[in-house]
Amino acid sequence: GIGTSCSDRSRVWFTLSRGLVNEIYFPTIDKANSRDFQFLVSDGKTFADDTRNDMHHEIQYIDDRALAYRLINRDKEGKYRIEERIITDPDADSIVILMKYEPLTQEAEKYSVYALLNPHMDNSGWNDTSRHVRYKGKDVLLSYQNGIYSAFIVSCPVTNFSCGFVGRSDGYTDLKDNYRMDWRYTEARSGNTALIFE
């Protein structure tokens, strides 16, 4: 899928595949500022599922007249589902994802859910700087390069967060290592970074 707003006040576009948001473009359609955004689910002991590889995917239009989507990702063993509604704000340069985690078994009620963003600022995965800040009482993970900035914010209470380098100190690597978040880094400078919220 590809999505954007019907308003010319929003300069954000996005693409979808394999159950997740891929590239987010800003300020023009040829400037990708993310590689992918996905959710991960873990029991903290035996598994850490990621959207791309460990879930069944379904995509629907929210409305046939809009480039806005509903993604439904289901655990391959039927333990939980994640539904996302993905839109762009018609009055601002932002993508909005309304996400609902639905446990389908009693054990799935205890799982932890993570939101993972891999920025690729200004069409590049290299030389990005990402860091944590507090703004109006909220945890915000910022990424920037060459005067282009991205703010990653979640509305639900945050248990943990981290900014790390892909394949070395990022949240995905941390979760796949032992199925829980042990690392917390508040900054990753000049590299291929990834950001995570628990």
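1. **Ground rules.** This is a predicted model, in which local features need pLDDT of at least 70 and side-chain atom pairs count only at pLDDT 80 or more, while totals for chains, interfaces and linings use all residues. Residues are numbered from 1 along each chain as its sequence is written, and side-chain values use heavy atoms, with hydrogens and water left out.

2. **The largest pocket.** Start with the space of about 910 Å³ in the largest pocket. A pocket here is an open set of points, on a 1 Å grid over the protein atoms alone, where a 1.4 Å probe fits and protein lies on both sides within 12 Å along at least five of seven lines; lining residues have an atom within 4 Å of a point. Grid points are joined across faces, edges and corners, and the volume is the space filled by probe spheres set on the points. Of the 33 lining residues, Ile95, Ile97, Ala151, Phe152 and Ile153 are the closest to the centre of this pocket.

3. Two or more lining residues come from each of β3 (20-25), β4 (34-42), β9 (95-103), β10 (112-119) and β13 (148-153). Strands (E, at least two residues) and helices (H or I, at least four) are DSSP runs, numbered from the N terminus. β13 gives the most, with six residues. By class, the lining has 26 nonpolar, five polar and two charged residues. Nonpolar covers Ala, Val, Leu, Ile, Met, Phe, Trp, Tyr, Cys and Pro; charged covers Asp, Glu, Lys and Arg; the others, Gly among them, are polar.

4. **The second largest pocket.** This one holds about 190 Å³ of space. Its lining has 16 residues, and Arg35, Asp36, Asn118, Val166 and Tyr172 are the closest to its centre. The elements that give two or more residues are β4, α1 (51-54), β10 and α2 (171-178), and the largest share, three residues, comes from β4. The lining divides into four nonpolar, seven polar and five charged residues.

5. In one of them, Asp93 pairs with Arg11, with the closest N and O atoms 2.9 Å apart. Asp93 lies in the loop between β8 (80-88) and β9 and Arg11 in the loop between β1 (2-4) and β2 (13-17), so the pair ties together parts that are 82 residues apart in sequence. Asp93 is partly exposed at 35% relative accessible area, and Arg11 is partly exposed at 38%. For these terms, buried means under 20%, exposed over 50% and partly exposed in between, with a 1.4 Å probe and protein chains only.

6. **A salt-bridge network.** Have a look at Arg70, Arg81, Glu83, Arg85 and Glu102, which are linked in a network of salt bridges. Glu83 meets Arg81 with the closest N and O atoms 3.6 Å apart, and Arg85 at 3.8 Å, N to O. Glu83 and Arg81 are buried, whereas Arg85 is partly exposed at 33% relative accessibility.

Key
A salt bridge is a side-chain nitrogen of Lys or Arg within 4 Å of a carboxyl oxygen of Asp or Glu.
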